[in-house]
Amino acid sequence: MSTSTPTTTERPERPERPEVTSDPRRVAGFGGVRLVIRRELATKLVTGAFFFSTFLFGLMAFAGPFVTGSGGDDDLTLGHSAATSGLADGVAEVAERGEGAGVSLREVADRDEATALLADGDVDAVVLEQDGALTVLVEDDLAPTLGTYLSSVAGDEALLDAATEAGVDPSVLAEAAAGAALQVEQVGEAFPIGDAMLGLSVGAIGLALVLLWGIPLATDVMQEKVSRVVEILLSSVRPWQLLAGKVLATTVIALVQLSVVLVGTGLAMAIRGSLPSLESLNWTVLGVGVVCLVLSIVTCSTLMAGLAARVERQEELSSVLQPAFAVVLLPIVAAVYLTFSFTDSIWFDVASLVPFFNTFALPARLAVETVPVWQVALSLAVAAGTAVAAFAVGGRVYGGAVLRAGGRVSLLEALRSR
Amino acid sequence: MLRLSGITKSYGQRRVLEDVSLEVRRGELLGYVGGNGAGKTTSMRIVLGVTEPDSGSVTVDGEGVTAAHRARMGYMPEERGLYDTMRLHQQLAYFAELHGVDRRTAARSADYWLDRLGLHERRDNRLEDLSLGNQQRVQLAAALVHAPDVLVLDEPFSGLDPLAVDVMAEVLRDEAGRGVPVVFSSHQLDLVERLCDRVCVLKDGRVVAAGTVAELTGDERQQHLLRTTAPESAWAYLATDIDHRTDGTVVTLAPTARLDDLVDAVRAAGELHELRPWRPSLTDVYRDVAAPAAGAATPTGTSPTGTTSTEKEQAA
């Protein structure tokens, strides 16, 4: 170890030693946790690196709706010439009667203008009359919906023309067509795909946040162990206080970043006019989802922090974190599978109640079916209990391993150690 | 007064501490010496409550150590432990607050120690920007920033340059001067000998010697270094122990013999080159009691709690 004398400038007088008194009650219980949280936030949240990365995430979230073109502007635009305006009007009328995307119209002067508009993406297709035949110009492919509408309307017009030429009254044809209208009756339950995606997105966000912030937390725990700063910390606070402070601070940091991303996305959707109305949101799914999200972050982060205390080298970290990865990856895969393929099965109900799986499955299940209130309450209670149990086990492993130097500490040894 | 009584600790099948007892009085500097793996760090961690003993107790002024006592202890671990990217003042204030000091006082105390240790101009630097020597000063400040009532330092002098050693020694003396029991471990035995009031030697988890430096080095024993041409047979009857060294012969006079008798006997048989009082250094004592073959060595000094003891007594 090299040493050097400090860079100092002699001062005429040394400040008087302050009278220092300490009150252990300040660091007892949550007081110690609060101090740890404050340090974690001061060194991780209030930093240029965090501001920069969060700003980037927010920017990406804001740009997302513009770049992907998602949102409410799903209408198709059909270009037409003066000669095909009747056909285009018919397409717009059919589209308006349907439940799918609407069709807006734009008249073009000639083929050149049509080509230019297609190249710019201003229209999805242009219908022209060339040499007495109808021609549809597209940039790449004809949108299936538009193709169906065009074929249908063009066919109707041809039939009408032929019937008129044959002396049939057009109103008789219209009456016959109206009588042939299909009545659609739904006998099954509609699958609310939007709500299902909302429910599953809770799990997906949880997974992303755990990976994004759980791994740095685990690395931080390992570095505190390697640098031995943990010895000083544990001489004044208990292991559980240190662990709780770190996990809660990580949860806060993750949620702050998530909030920025959501605000960015919401802002972009508002600008595009595609922000969903408050009435259309499934508030039950959202509310339960937020609780499940927080509990899953706390549970997984606690396990990751506890397990990370077993090792001193970065290359060993990922292998000891496997159990923590498993309790977040397996449930999200199961939740997706059950939501879409086994919606009505008992397994979906079970998954929404058992530890680790429930925080991912419950929001999705709530989104696609009615869940009895007692099951929701039971599931949340199980999730809270799981977080407490994870804290007890993770804290035990943490306390038993974090002071043990010299290679990886086995799980059994860490659990047994005092 | 800090007292460890009958501390025993094992990690798995490995016994790390065996019935360790020692005492550090208020205002006293205790040097805690022993080879690598002797159990010094573990016993210090037990004092701080970082590790729990399997049996035995730690008391401060006769009371079992509680969280309140620990809040008033200062600890400097062997392997330096601070946050690399935290700024010095922020870091020291944080450690003070962790010991229950209010926020404002913690900030003022952090300023004081940065100034006292010559780091006031670096108060807003990150720790990683400092040299290792200066980082060690910060480590010492972290142990002192809450004005502890007990100070436990594991290898505080390790790796320091001579000037930094002087600063560290001055600070430790000052702390002892205000009535704080100070215990520190070190492999620099000359420093321990110079600085400490008492010394405790640990070997394989057992206390094998303890006492004042004078007691351990045998000041009371009538030992002299003799250089002469006279044959040993001419004066050996006056000695109870004769030890040949490279710089002369160490003679332990028999209780009934006088120094004048030795001088006369030597001069009668040869030429007297040198005769002066001699006592072993702490390093010599340490080698005697802590060397692998020292199991049968003559133990020296008093018990950890101040009474005369022998190694056999300790082992028993």
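## Helix packing: α12 and α14 of chain A

In this predicted model, α12(A) passes α14(A) in a right-handed crossing. On the α12(A) side, the contact is formed by Pro331(A), Ile332(A), Ala334(A), Ala335(A), Leu338(A) and Thr339(A). On the α14(A) side, Phe360(A), Ala361(A), Ala364(A) and Val368(A) contribute. Sorted by class, the residues joining α12(A) and α14(A) comprise 9 nonpolar, 1 polar and no charged residues.

Helix α12(A) spans residues 322-341 and helix α14(A) spans residues 358-368; the two pack at an angle of about 15°, and their axes are 8 Å apart. Because angles under 35 degrees count as roughly parallel, α12(A) is described as roughly parallel to α14(A).

## Helix packing: α10 and α15 of chain A

The crossing of α10(A) past α15(A) is left-handed. The contact of α10(A) with α15(A) draws on 18 nonpolar and 6 polar residues, with no charged ones.

## Annotated transmembrane regions

An unreviewed UniProt entry carries the annotation "transmembrane region" for residues 45-67, 196-218, 247-271, 283-308, 320-340 and 376-398 of chain A.

Two of these annotated spans can be described from the model. Residues 283-308 of chain A are 100% helix and 0% strand, and the C-alpha atoms at the ends of the span lie 37 Å apart. Residues 376-398 of chain A are likewise 100% helix and 0% strand, with 32 Å between the end C-alpha atoms.

## The four-stranded sheet of chain A

Chain A also contains an open sheet of 4 strands, ordered β2-β1-β3-β4, with mixed pairing. The edge positions are taken by β2(A), residues 103-107, and β4(A), residues 133-137; each has a single partner strand, so one side of each is left without a neighbour in the sheet. On average, and with direction ignored, neighbouring strands of the sheet are turned by 25° against each other.

Strand β3(A), residues 125-130, runs antiparallel to β4(A) and is joined to that strand by 5 bridges. Within this pairing, Gln130(A) stands opposite Ala133(A), and Glu129(A) stands opposite Leu134(A).

## The contact between chains A and B

The contact between the chains takes 36 residues from chain A and 51 residues from chain B. On the chain B side, at least two residues each come from α2 (67-71), β6 (73-76), α3 (88-98), α4 (103-116), α5 (132-144) and α6 (162-177).

Helix α4(B) supplies the largest share of the side of chain B that touches chain A, namely 7 residues. By class, the residues on this side of chain B are 23 nonpolar, 14 polar and 14 charged.

Terms used. Residues numbered from 1 in each chain as written. Chains lettered and ligands numbered in written order. Predicted model: local features only at pLDDT ≥ 70, side-chain atom pairs only at ≥ 80, totals over all residues. Axes fitted to C-alpha atoms, helices over the stretch in contact; angles between N-to-C directions. Parallel < 35°, antiparallel > 145°, perpendicular 65-115°, else oblique. Left-handed = near helix turned anticlockwise from the far one by under 90°. Contact = placed C-beta atoms within 7 Å. Nonpolar A, V, L, I, M, F, W, Y, C, P; charged D, E, K, R; others polar. Pairing = 2+ DSSP bridges. UniProt positions renumbered as here; feature names shortened; annotations may be inferred.
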